[in-house]
Amino acid sequence: MPPASAAPQPTEGPALGKRKERCESAAGDGSGAETILDGRDTSPANLKRIKTAYDRNGLVCVSFLAAAKCDDLILEQWKHVLLKQEWAEEYRMKVRARDGTVLDVDNADHRREFLKSVVGPLDTKTRKMMETGWPLHRGFGACCDPAVFHLEGVWGIRQDPDLYQIASTIAEEDNLWVDVNRSIQKLPGQGENEFLHFDFNPFMRQAMMAGGGGDQGPKGVCGKACYTPSRFVYVEGTHTDQFQTEFVTEYKEHYPNVKMSDKKFGLDAKKPDPLELAARKRVMLVPAGSLVIWHPRLLHGQMKTPIRDPVEYGTYVGFFPAGSRQAYYDKCQVDELQDRLNSYLFGRMPTLWPSFDTVNFHPKKFENFPHLLQAYIKKLGPGHPMICTRIAGAGHAVPAIKPMPLLGYQPPALSDLGVSCAREWATTAMSVCV
Ligand SMILES: [Fe+2]
């Protein structure tokens with residue numbers, strides 16, 4: 001392994017503390033620096049600080065996970081997801097010490113060395129080995145293997161009382177459900193320098209409000225807990241009603257083809273940008289152990305993980321007002337609570353994301369680029385039970401891959417916060433609410 005670079009190391013030093021840290025802005029001049037608030041101080045004064053920052057900027061970063069906890073969560077991903085890939089032997093990942101010996105994720109004596117090897121920064125040979133054996137959705141950096149939705153440590157984050165208090169304070173909602181969302185495992189060099197987008201359709205929201213249909217925009221909060229250093233690309237203050245009104249007024253004429261049924265909206269770099277949003281884009285450097293929480297209306301983007309950075313590990317964690325949403329049923333004909341329960345009780349992917357997009361086991365684009373899918377079918381080897389067929393638009397069967405059921409799956413334990421009886425839904429069922 002190469003010597004450690006100047007990149008922040010996630011496994012050393014406490015991630016928590018009373019001190020306020022600063023994230024450098026992309027400009028590097030400190031002008032856009034974000035204060036990291038203490039996510040473990042739930043005093044009224046600190047909750048007010050967190051909410052004030054969130055309301056003003058559209059996002060807030062809080063220290064949240066101790067360094068040892070981050071390490072546990074990284075190892076959990078390796079144990080239950082990354083080392084459980086079904087690829088044929090020659091494609092499987094082996095984590096090695098400096099002297100070349102293979103390290104055992106279950107051996108406590110290997111813990112430090114194992115973490116060092118899988119966090120990096122990675123040498124080229126190790127990175128290539130990991131690219132070959134990495135799960136599906138490698139380019140995005142967050143797979144949809146069923147196991148990833150129900151890791152015990154991640155359920156611990158979802159049920160964290162301090163996080164719930166922060167989320168309910170800033171969302172101004174006492175009764176929230178947590179996302180059943182995916183974990184992040186993003187290799188250096190992966191990801192796209194994607195242009196800015198909203199995870200909803202601002203034109204539709206504005207039209208509905210103008211027509212007396214109320215606010216049909218997204219509710220709750222979005223979040224990302226980072227076990228290793230990460231980034232968040234965004235444009236400050238774009239979540240407010242004032243900005244949204246201005247945005248729709250200024251950009252409507254440049255985007256005449258947006259349909260009211262569109263669920264998301266992305267800016268086009270080739271079109272006019274009257275509010276100079278591209279120039280206002282900022283990159284928040286998110287230290288290991290932090291949680292970045294952003295408003296679901298905030299304009300944001302993505303970027304490639306720099307090749308010399310550590311591997312990004314973390315999990316998405318968001319909250320929204322409790323209760324099955326009609327739009328969920330309309331999209332997939334399954335009640336949202338029923339789907340959450342099925343996912344939790346049987347260890348399956350949920351049917352939809354919180355945004356109502358379909359959860360795809362493999363990237364959707366594989367359906368249009370069969371050679372990409374074929375590369376993964378080849379890695380599974382002939383006759384593997386994950387290889388199946390699907391009926392394509394033209395009515396003929398084409399190759400596909402499906403997830404393996406989780407053998408011996410036990411739903412992670414839920415705390416009192418994580419469980420509440422849904423008597424109106426069924427007498428014996430428990431709702432995975434948080
Ligand atoms: Fe997004």
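**Exercise 1. Where does Glu276 lie, and is Glu276 buried or exposed?**

*Solution.* Start with the location: Glu276 belongs to the loop that joins β9 (265–266) to β10 (282–286). Bear in mind that we're working with a predicted model. Next, look at the backbone: phi of Glu276 is positive, about 50°, even though this residue is not a glycine. Last, count neighbours. Glu276 has 9 other C-beta atoms within 10 Å, so Glu276 is exposed.

**Exercise 2. Which peptide bond is cis, with omega near 10°?**

*Solution.* Go to the loop between α3 and α4, where Pro121 sits. Then check the bond from Gly120 to Pro121: that peptide bond is cis, and its omega is near 10°.

**Exercise 3. At what angle do helix α2 and helix α3 pack, and which residues make the contact?**

*Solution.* First, pick out the two helices: α2 covers residues 67–80 and α3 covers residues 111–119. Their axes are 11 Å apart and the packing angle is about 75°. Angles of 65 to 115 degrees count as roughly perpendicular, so α2 is roughly perpendicular to α3. On the α2 side, the contact is made by Asp71, Ile74 and Trp78; on the α3 side, by Leu115, Val118 and Val119. Sorted by class, the residues of this contact come out as 5 nonpolar, no polar and 1 charged.

Now zoom in on Ile74. Leaving out residues up to four places away in sequence, Ile74 touches Leu115, Val118 and Val119, plus Tyr227 and Tyr313.

**Exercise 4. How do α1 and α6 cross, and what classes of residue make up the contact?**

*Solution.* Geometry first: the axes of α1 (residues 44–57) and α6 come within 9 Å and cross at roughly 50°. Roughly parallel needs an angle under 35 degrees and roughly perpendicular needs 65 to 115, so α1 is oblique to α6. The crossing of α1 past α6 is right-handed. Then the residues: α1 brings Leu47, Ile50, Lys51 and Tyr54, while α6 brings Gln165, Ile166, Thr169 and Ile170. Split by class, that's 5 nonpolar, 2 polar and 1 charged.

**Exercise 5. What is the packing angle of α7 and α8, and which residues meet?**

*Solution.* Helix α7 (residues 202–210) and helix α8 (residues 241–251) pack at about 105°, and their axes are 10 Å apart. The two helices are therefore roughly perpendicular to each other. Pro202, Phe203 and Gln206 of α7 meet Gln244, Thr245, Phe247 and Val248 of α8. This contact has 4 nonpolar, 3 polar and no charged residues.

**Exercise 6. Which residues is Ser290 in contact with, leaving aside its neighbours within four places in sequence?**

*Solution.* Ser290 lies in strand β11 (residues 290–294). It's buried, with 29 other C-beta atoms within 10 Å. Its contacts are Ile36, Cys61, Val62, Ser63, Phe64 and Cys226. Take Cys61: Ser290 and Cys61 are 229 residues apart along the chain, yet their C-alpha atoms are separated by 6.7 Å.

For the chain as a whole, take the contacts with a separation of 6 or more: 77% of them are between residues 24 or more positions apart.

Technical notes. Residues are numbered from 1 along each chain as its sequence is written. This is a predicted model: local features need pLDDT of at least 70, side-chain atom pairs count only at pLDDT 80 or more; totals for chains, interfaces and linings use all residues. Axes are lines fitted to C-alpha atoms, for helices over the stretch in contact, and angles run from 0 to 180 degrees between N-to-C directions. Helices (H or I, at least four residues) and strands (E, at least two) are DSSP runs, numbered from the N terminus. Angles under 35 degrees count as roughly parallel, over 145 as roughly antiparallel, 65 to 115 as roughly perpendicular and the rest as oblique. Two residues are in contact if their C-beta atoms, placed from the backbone, lie within 7 Å. Ala, Val, Leu, Ile, Met, Phe, Trp, Tyr, Cys and Pro count as nonpolar, Asp, Glu, Lys and Arg as charged, and the others, Gly among them, as polar. A crossing is left-handed if the near helix is turned anticlockwise from the far one by less than a right angle, and right-handed if clockwise. A residue is buried if 20 or more other C-beta atoms lie within 10 Å of its own, exposed if 12 or fewer, and partly exposed in between; C-beta atoms are placed from the backbone.
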